[in-house]
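Please keep the sequence and the model in view while reading the points below.

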Amino acid sequence: MSCSNGDKILRPEPFRIKVVERVSLLPFEERKRVIKKAGFNPFLIPSRDVFIDLLSDSGTCALSNEQLSILMLGDESFSSQRGYFYLIEKVKEITGFDYVIPCHQGRGAENILMDMLVKKEGLVVSNGLFETTRAHIEMRGAEGIDLPTPRIKEEDYLFKGDISLRKLRNILKSAPKKVNFILITLTNNSQGGRPVSLHNLRKVREIADEFRKPVVLDASRFAENAYFIYKHELPGKSIRAIVREMFSLSDIFYLSAKKNGLSHSGAIIGVKSRRLYENLSSLTLFFEGFPSHGGLPDRDLLLIAKGLEEIIDEEYLAFRIEQVKFLGEKLREAGIPVLYPFGGHAVYIDAEKLLSHFKNGFPGYAFASEVYVEGGVRVGVFGGKLSGGGTPEYVRLAIPHRVYTNSHLLWVVDAVKRVVERKKEIRELALSYSPPRLRTFLARFRQV
Ligand code: F0G
């Protein structure tokens, strides 16, 4: 920020608030009843009973005045509507991709893409698959393998979302026919939302070319990723140019517009070949809707186009990344085991480390439940036994875009700290219901 004491001041929100939504805190005893009724799974807490909601940064953003005003220009025709042409121009400008298909949300895009790209008994190698991505791969009888960078243990290495290039090459050498494609998630949600370096992406491209494998980007948080590169790897290059290069290193991308598209729904698939586009279009027609909207109203396509433009604003991204860091530093200063350096959308607490006295009992869910009871704060739980990704059980404090101020976050910090102070009293949980897949979201527990 340009002022006399430079970076030392807390960066304020680069927006002002025009519309507000009332939230209130239920009494303590009621919060205890609510969490029990929700089976100690924060995903199942009715949002009306939540005071501050850090469950997800997905589909939870506040809209801008420009997004709200463009909604009225939606052309709600059955197909080939005006908003589609506006969206593809915008996506082309930002990503360089010619062929674009909207879908209803990220997993809709995953369904269609995996149908086309995943082969039975095949392998998909990745820096980190999100849970829905992994489920779509496994559903088709294939396996998803995460290859986190060996530098993940280096205290100060920032790009902990990288893929291990050595392991990638080894797998491709030993089983070249089995690997269907390489999937790189930007930022890497299952590794703390940490970014992937441009260096790593360029090397992935080289290896993929050597073994003739396609590179697919899950670019759901591409702008946050680009900001880290801009700030720490290639400060001379503009954010737009970095975004362009990131996308240019892939063959196919998809992104959930609910994250860096600053929208409440939607996703986009981008491909470079006309043949692929035609195949995808017929699948879209089958599962999502007409390929010019993928099941979304035209107004949402306009919203996404605007959102994609708004997210690559340097001022906003600087605020965004600093807000995550602000929350993370407060927890770290209190000695809470958080993934460090922080990522772009959330702070992750290692619940297994924090509640190391737990023998078996789902420390992430137990801790998240207590944070709700303590402060009416809803946080997410990812990884651990229920996810199949091989990471510990994390409590994730994801910050919705443009929704909460830093004083909301101070309330969150206090609630978390109070729970940590009484951590020895937290009771372990046992599963009382577990669905066959995507268990993170729907599992229920009882206290033991
Ligand atoms: N890819 C990544 C990296 C994601 O984080 C998500 C969703 C998806 C794909 C699926 O997209 O929700 O639009 O169907 N992540 C949410 C989260 C649920 O809270 O991190 P979707």
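A residue is called buried when its relative accessible area is under 20%, exposed when that area is over 50%, and partly exposed in between, with a 1.4 Å probe and protein chains only. By this scale arginine 418, with a relative accessible area of 34%, is partly exposed.

The model is predicted, so local features need pLDDT of at least 70 and side-chain atom pairs count only at pLDDT 80 or more, whereas totals for chains, interfaces and linings use all residues. Residues are numbered from 1 along each chain as its sequence is written, and side-chain values use heavy atoms, with hydrogens and water left out.

**Domains and their interface**

- The protein chain is divided into domain 1 (28-57 + 313-447) and domain 2 (65-311); these bounds come from an automatic or database domain assignment.
- The C-alpha centres of domain 1 and domain 2 lie 26 Å apart.
- In contact across the boundary (heavy atoms within 4.5 Å) are 32 residues of domain 1 and 35 residues of domain 2.
- The size of an interface is often given as the accessible area lost when the parts come together.
- For domain 1 and domain 2 the buried area is about 2,700 Å², with 54% of it on carbon and sulfur atoms; buried area is the accessible area (1.4 Å probe) that two parts lose on being put together, summed over both.

- Helices (H or I, at least four residues) and strands (E, at least two) are DSSP runs, numbered from the N terminus.
- In a regular strand the side chains alternate between the two faces of the sheet.
- In strand S3 (residues 123-126), Leu123 and Val125 point one way and Val124 and Ser126 the other way, and all are buried.
- Two strands pair if DSSP finds at least two bridges between them; S3 and strand S4 (residues 143-146) run parallel and are joined by four bridges.
- Serine 126 has aspartate 146 in S4 as its bridge partner.
- From S3 the chain passes through helix H5 (residues 131-138) to S4 in a right-handed β-α-β crossover, a term meaning that, with the strands pointing away from the viewer, the path from the first strand over the helix to the second runs clockwise.
- Strand S5 (residues 179-185) is also parallel to S3, with four bridges between them, and valine 125 stands opposite isoleucine 182 in S5.

**Salt bridges**

- Side chains of opposite charge can pair when their charged atoms come close.
- A salt bridge is a side-chain nitrogen of Lys or Arg within 4 Å of a carboxyl oxygen of Asp or Glu; the whole structure holds 30 of them.
- Four salt bridges are found across the interface of domain 1 and domain 2.
- Arginine 332 and glutamate 155 form a salt bridge at 3.0 Å, N to O.
- In the pair of arginine 205 and aspartate 251, the closest N and O atoms are 3.0 Å apart.
- Arginine 205 lies in helix H7 (residues 198-211) and aspartate 251 in the loop between helix H9 (239-248) and strand S7 (252-256), so this pair ties together parts that are 46 residues apart in sequence.
- Arginine 205 is buried, at 13% relative accessible area, while aspartate 251 is partly exposed at 26%.
- The side chains of arginine 418 and glutamate 374 meet at 2.5 Å, N to O.
- Because arginine 418 lies in helix H15 (residues 406-421) and glutamate 374 in helix H14 (residues 363-375), the pair ties together parts that are 44 residues apart in sequence.
- Glutamate 374 is buried, with a relative accessible area of 13%.
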